[in-house]
Amino acid sequence: MSDYARHEHHDFTGGTAAALRDDGLQAALVRLTSTLMAGNRRGYAALADSNALRDHAKRIKEHALAHLDRYLEQLEASVLRLGGKVHWAEDAADARSIILDIARHSGCKNIVKSKSMTSEEVHLNPALEAAGLDVAETDFGEFIIQLAGERPSHLVAPAVHHTRESVARVLSEHLGERLADDPRSLALTGRRVLREKFRRADMGITGANFAVAETGTIVLITNEGNGRLTTTCPRVHVALMGIEKVIPRLQDLPVFLKLLARAATGQTLSVYTTMITGPRRLGELDGPDEFHLVLLDNGRSRILSSGFRESLQCIRCGACLNACPVYRRIGGHAYGGVYSGPIGSILTPLYDSVEQNPHLPHASSLCGACQAACPVKINIPQMLIGLRELQHQRQANRLEGLAYKMWSAMLRRPWLYRLALRLAGVFLWPLAKNGWLQRLPGPGEGWTSVRDFPAPARRSFRDRWRDL
Ligand code: SF4
């Protein structure tokens, strides 16, 4: 696996080219995204009125974000009332040091984690490992990419880029024994290794799909039983969540439960929906002694007051990735950030920086398939255009600016436009073969290096129109 699968801020164009050359990845992407998109359409169709339900979910999110301060304080009060502890992390470094402090203070050494994109966002694992703690991802896909030293390549299918052969290779290297590439025996091996991790764990770390302000309930949605083992076996449970995940009332939850799994995979419900309300109470058999909720800002309150607030409505279902013609070809690693696909092209520049991720706002055809698939109808194309505008304001490219000025001057002078079309024809027709240009000079080469460009028509639309 090339470096672009491991490192952020890589060369986007190089990462994309590497992804396009990877036949195994191309086959896996077609298989996964087609299956999940079919599930998404089937899931929405199975609802009596999916449009109205999606609008309702959007309104709940809009309301929660409009009153985020109030609901976060209510959530904090509810968790404290239940005997849990609440920590506020301003940024990624803050989140890492809070969780390390909890581990030190509670004397925890062995950590199990269930899948959490927020923990990927703050680069939690390297910080825990550097402090001498043993950390194991327990979602099987995440476990494989942890062993391979990679980043997740999809929001809900993090190891989509792996085949059973590569999973067997990674597991065999880790265990020092040769394993067959049979899916059932690989799953049983993973189960055996992870059971031992669960047995020894003294801390469990999870994310949170939702947190209910009125009850202090943390909701985890998974398709493997690992989330429950992570929250109940160890004596300390830490849930790390972005502040935008709060919803006001328990009665709002079913709206999202009905939509999330349907949008992601077409399932009626995910296999496990776990609701955690505080640490273990007197007389209860299961659950941790300590429960800590870490509320992460990391740029979210800045986004809240910007024109990109709608991006905070995302419930991380992954449907926009599956629908996107760009993601379907290049996969998640090429994007360079923790979040990929259309929503990642918005979140990564916003959380990280627009300057460090200049290609992402352009990694879209703006076809709108992402918005059509999204359970909360986030207007992704509009936000990508907004980011391009922001980028233009901050990093105006003089050459590009000059080109647009010339283009604008030409469009405002029809005689000049006609002359330019004729000149283009005179220069380009001799280079055309069967109506196509196979090689363009200068910046045009970027286009023709991967596909042909149509030659200008022999007779322009204007000439034909005039002759009608
Ligand atoms: S933007 Fe919408 S479709 Fe994409 S992951 Fe978020 S909720 Fe799902």
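Asn434 sits in the loop between helix H20 (414-428) and strand E11 (436-437). Helices (H or I, at least four residues) and strands (E, at least two) are DSSP runs, numbered from the N terminus. The model is predicted: local features need pLDDT of at least 70, side-chain atom pairs count only at pLDDT 80 or more, and totals for chains, interfaces and linings use all residues. Residues are numbered from 1 along each chain as its sequence is written.

**Positive phi**
- Most residues other than glycine have a negative phi.
- Asn434 is not a glycine, yet has a positive phi of about 50°.
- Asn434 counts as exposed because it has 7 C-beta neighbours inside 10 Å. The classes are buried (20 or more other C-beta atoms within 10 Å of a residue's own), exposed (12 or fewer) and partly exposed (in between), with C-beta atoms placed from the backbone.
- His123, also not a glycine, has a positive phi of about 55°. His123 lies in the loop between helix H6 (117-121) and helix H7 (124-130).
- With 15 other C-beta atoms within 10 Å, His123 is partly exposed.

**Helix H9**
- H9 (residues 164-175) has 12 residues. From first C-alpha to last, H9 reaches 16 Å, close to the 16 Å expected at 1.5 Å a residue. The expected span is 1.5 Å times one less than the number of residues.
- Val167, Ala168, Val170 and Leu171 are buried in H9. They are on the same side of H9 because they cover an arc of only 165° around the axis. The arc is that of the directions from the helix axis to the C-beta atoms.
- An α-helix has 3.6 residues a turn, so residues three or four places apart point the same way.
- The cover over the buried residues of H9 includes helix H8 (140-148) and helix H10 (183-200). Contact requires C-beta atoms, placed from the backbone, within 7 Å.

**Arg191**
- Arg191 is in helix H10. It is partly exposed, with 14 C-beta neighbours inside 10 Å.
- Arg191 and Asn226 are 35 residues apart in sequence and 9.8 Å apart in space, C-alpha to C-alpha.

**Ligand shell**
- Of the 15 residues around the ligand, Cys314, Cys317, Cys320, Ile343 and Cys374 come nearest. A residue is near if its C-beta atom, placed from the backbone, lies within 6 Å.
- By class, the shell has 13 nonpolar, one polar and one charged residues. Nonpolar covers Ala, Val, Leu, Ile, Met, Phe, Trp, Tyr, Cys and Pro; charged covers Asp, Glu, Lys and Arg; the others, Gly among them, are polar.

Conventions:
Contact = placed C-beta atoms within 7 Å.
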